[in-house]
Amino acid sequence: MKRVLMTGNSAAAWGARLAGADYVPAFPITPQTEIIETLALWIDTGVMDCRMVTLESEHSMITAAGAAAATGVRVFTATSSQGLLYGMEMIYTVAGWRVPFVMVNVSRGLSSPITLEPDHNDILAARDSGFLQIHCATCQEVLDGILIAYRLAEHERVRLPVIVNLDGFYLSFTREPVEIPDAGAVSRFLPPFDPENIRFRARTPLSEAVAVLGGTLYSYFRYEIHLAALNAVQVFNEIAADYTSVFGRTYETVESYRTDDAELVFVMMGSFATKAKAAVDMLRQAGLAVGLLRPILLRPFPLDQIRRVLAGKKGVAVVDQNLSMGKGGVLHTEVASALHGQPDAPTVLTSFIGGLGGRDISAEEFYEMASITGKAVIEGLTPPPRLLLTELELAEIRKLQAIAQKKRKDKQG
Amino acid sequence: MNDYKYKHVKDLPTTHLLGAGTPMCAGCGGLEVVKEIYDLIGENTVFINAAGCMTLLAVYPFTPFRGSWLYTAMASAPAGAQGVRDALDILLKKGRIKPEEDLEAVVLTGDGAAYGMGLSSTSAAIDRNLDFIYICYDNEGYGNTGQQASAASPLGARTATSKGPHGFSGHKKDLFAIWAANRPAYVATVTGAEPMDLACKIEKAGRIAGPRLIIALAPCPTGWDFDPKETVAIGKLAVKTGIWPLKEYMDGKVTHTVIPRRRPPVEEYLKRQGRFSHLFSSQSNDALLQEIQGQVDAYWEGID
């Protein structure tokens, strides 16, 4: 195994290459494009025995991905943000086809206003689709996550497509040391794709995705998807154990960092959780018993693990890098539903919104969030959700607006 | 077409492959054309369907097809064909399936998808020279939702969204010209009421590779408001009056396969359909009738 510096996008391409993807339907979108460019070069230079086709939209790209997987080849694709939403009809549709393939999403804030840097509203829009979701915090996790995702997707008790999510810019364009697994070891971990009974062949007719009439049949098929997704928690653990035995790296459905003796726990997803990790170390040095819980698997939701880690904690601060308009943080709601009614649930569950469109979350803000949550524990009162933005930032916005107004007035004379 | 198999009606297949008992309306011109084409291209096919009337051919757990079926969505059936074709090619190339396990990818959509939402994915499939057959059953409106006007609706037709005294005010889009402008391997218009013309074209399409696209005029008793027994007669009149030109595009050239020499007036076609009845009940629509005739005359001028 060699360890090299590479971007998250490059790690994603390596994941697809090592998985032996047969087919890559593609469509360019920032900040994902480097993935398909890398794969295209490998295919064109004969390094990868794979076919890539550029479709005219993500909607068509996901259709082609699902149709090819239904025909029995191993499929990889990637998108981001607006592209994911443009293809959303097919995200739901192909999950119902029960076709196992892997799609990388490079998270990027959604329009409007249009922007390039990350948050998780794009990926969370696919939360209820039937795609499973693996959320990465490092470039290594991106590569490993794709290999695990293929095993998970293709597992006979699952048979669902999987999205592996990484944050735009913070992971997509950031170089980190990544251990590239040996191809032989990968083939021991990930056998060739067996499409089982889902494949189009002459003389063995198959009808896929036919209409149903009435709620009974519809419910039956929708429940089947849900139950298969639930199976994926246990299956993930089995696969992760295999991964450890072949490659030595350990994954769980959640990452718990210094949570054992923690009184306060941050809950965060994705690469910004590494900022929380650094803050935890600093707060620990200052004598505060703080930890971090990071869901890696978001769908299926690792309910038991989250309950276990948070049981008996005094306060939990959920930092959402997303915003459900008119409600608040999506992860906060998910964690609340996991904890409600549990005998040893934390009494305080605070909610913070930060990192939208790639806005930084500073160490000071983590201290402040810990302090607010600690105070709430003492007072027994949970404060309303906070939207992170400093007075200085607001002053900068006001200044820009004033300059623009002034320029307009000058022009109008 | 001398070396072709279908010269007389007696040459047409006598074994009918599509199962009976589908939920299509009585006299459905779309089903008529699907039946005829299915007999010709056979069961080693996967029909890739977009949202429309024909989506209800396969309702769980039954299908009238002997071969395979994949329902996609309204806009992206050609992309579904791309995925299936590419996957089969990969499997053949890597020796993971035998050549006799190969299938023909056949897209089946209505005019709502073909003329509108699905045009982008069709155009792109032609750009990529996808090896597939596209069948559009054109019933000149969003038939499955109750015949609202689509880009395929003709001037003057009453639709569920054009019930005024003059009917639909737009003009039927020339999808044949749009598809042909992309330079695919083959484009043809057909109708179920002209089975010999249809058979020759499907046979021709079957002998070549690349994008092969067929637009079938599909008289629709419920949407066009006529008695189901009239389907064939109306289809024949569409051709005779010159309203529905039967033609094909190949190697950069458009050829008319049927040239109606003495065209009866368009009224003969229009008056048999309730959707045009307002054109005959009020003199205020005489100009509209003349406009429709004028368009047909202008089309055929110089074609021989």
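Biologist: In which sense do β9(A) and β2(B) pair?
Modeller: β9(A) and strand β2 of chain B, residues 68-71, run in the parallel sense and share two bridges. Two strands count as paired if DSSP finds at least two bridges between them. Helices (H or I, at least four residues) and strands (E, at least two) are DSSP runs, numbered from the N terminus.

Biologist: Before we go on, what sort of model is this, and how do the numbers work?
Modeller: It is a predicted model, where local features need pLDDT of at least 70 and side-chain atom pairs count only at pLDDT 80 or more, while totals for chains, interfaces and linings use all residues. Residues are numbered from 1 along each chain as its sequence is written, and chains are lettered from A and ligands numbered from 1 in the order in which they are written.

Biologist: Back to the strands. Which residue stands opposite A:S207?
Modeller: B:W69 in β2(B) does. A:E208 has B:L70, also in β2(B), as its bridge partner.

Biologist: What is the strand order of the sheet they belong to?
Modeller: It is an open sheet of nine strands with mixed pairing, in the order β9(A)-β2(B)-β1(B)-β3(B)-β4(B)-β6(B)-β5(B)-β7(B)-β8(B). β9 (207-208) of chain A and β8 (253-258) of chain B are the edge strands; each has a single partner strand, so one side of each has no neighbour in the sheet.

Biologist: And which strands does α2 of chain B touch?
Modeller: Helix α2(B), residues 77-93, packs on the sheet and touches β1 (45-49), β2, β3 (104-110) and β4 (132-138) of chain B. Contact here means that the C-beta atoms of two residues, placed from the backbone, lie within 7 Å. The direction of α2(B) makes about 170° with that of β3(B). Axes are lines fitted to C-alpha atoms, for helices over the stretch in contact, and angles run from 0 to 180 degrees between N-to-C directions.

Biologist: What about α6 of chain B?
Modeller: Helix α6(B), residues 195-206, also packs on the sheet. It touches β4, β5 (186-191), β6 (211-217), β7 (246-250) and β8 of chain B, and its direction makes about 160° with that of β5(B).

Biologist: How many residues are in contact between the two chains?
Modeller: 37 residues of chain B are in contact with 36 of chain A. On the chain B side, β2, α2 and α4 (119-127) each supply at least two residues, and α2(B) gives the most, with 10.

Biologist: How does that side of chain B divide into nonpolar, polar and charged?
Modeller: It has 19 nonpolar, 12 polar and six charged residues. For these classes, Ala, Val, Leu, Ile, Met, Phe, Trp, Tyr, Cys and Pro are nonpolar, Asp, Glu, Lys and Arg are charged, and the others, Gly among them, are polar.

Biologist: Switching to chain A. At what angle do α3 and α5 pack?
Modeller: Helix α3(A), residues 58-71, and helix α5(A), residues 88-96, pack at about 15° with their axes 8 Å apart. They are therefore roughly parallel; angles under 35 degrees count as roughly parallel, over 145 as roughly antiparallel, 65 to 115 as roughly perpendicular and the rest as oblique.

Biologist: Which residues make the contact?
Modeller: A:H59, A:I62, A:T63, A:A65 and A:G66 from α3(A), and A:E89, A:M90, A:I91 and A:V94 from α5(A). By class, five are nonpolar, three polar and one charged.

Biologist: How do α11 and α12 of chain A cross?
Modeller: The axes of α11(A) and helix α12(A), residues 330-339, come within 9 Å and cross at roughly 80°. The two helices are therefore roughly perpendicular. A:L303, A:I306, A:R307 and A:L310 of α11(A) meet A:V335, A:A338 and A:L339 of α12(A). That contact has six nonpolar, no polar and one charged residues.

Biologist: Where are the cis peptide bonds you have for chain A?
Modeller: One runs from A:S111 to A:S112, with omega near 5°; A:S112 is in the loop between β5 (102-107) and α6 (121-124) of chain A. Another joins A:R299 and A:P300, with omega about -5°, and A:P300 lies in the loop between β13 (297-299) and α11 (303-310) of chain A.

Biologist: What is the phi of A:F169?
Modeller: Phi of A:F169 is positive, about 65°, although the residue is not a glycine. A:F169 lies in the loop between β7 (162-167) and β8 (176-180) of chain A. A:F169 counts as partly exposed, with 18 C-beta neighbours inside 10 Å. A residue is buried if 20 or more other C-beta atoms lie within 10 Å of its own, exposed if 12 or fewer, and partly exposed in between, with C-beta atoms placed from the backbone.
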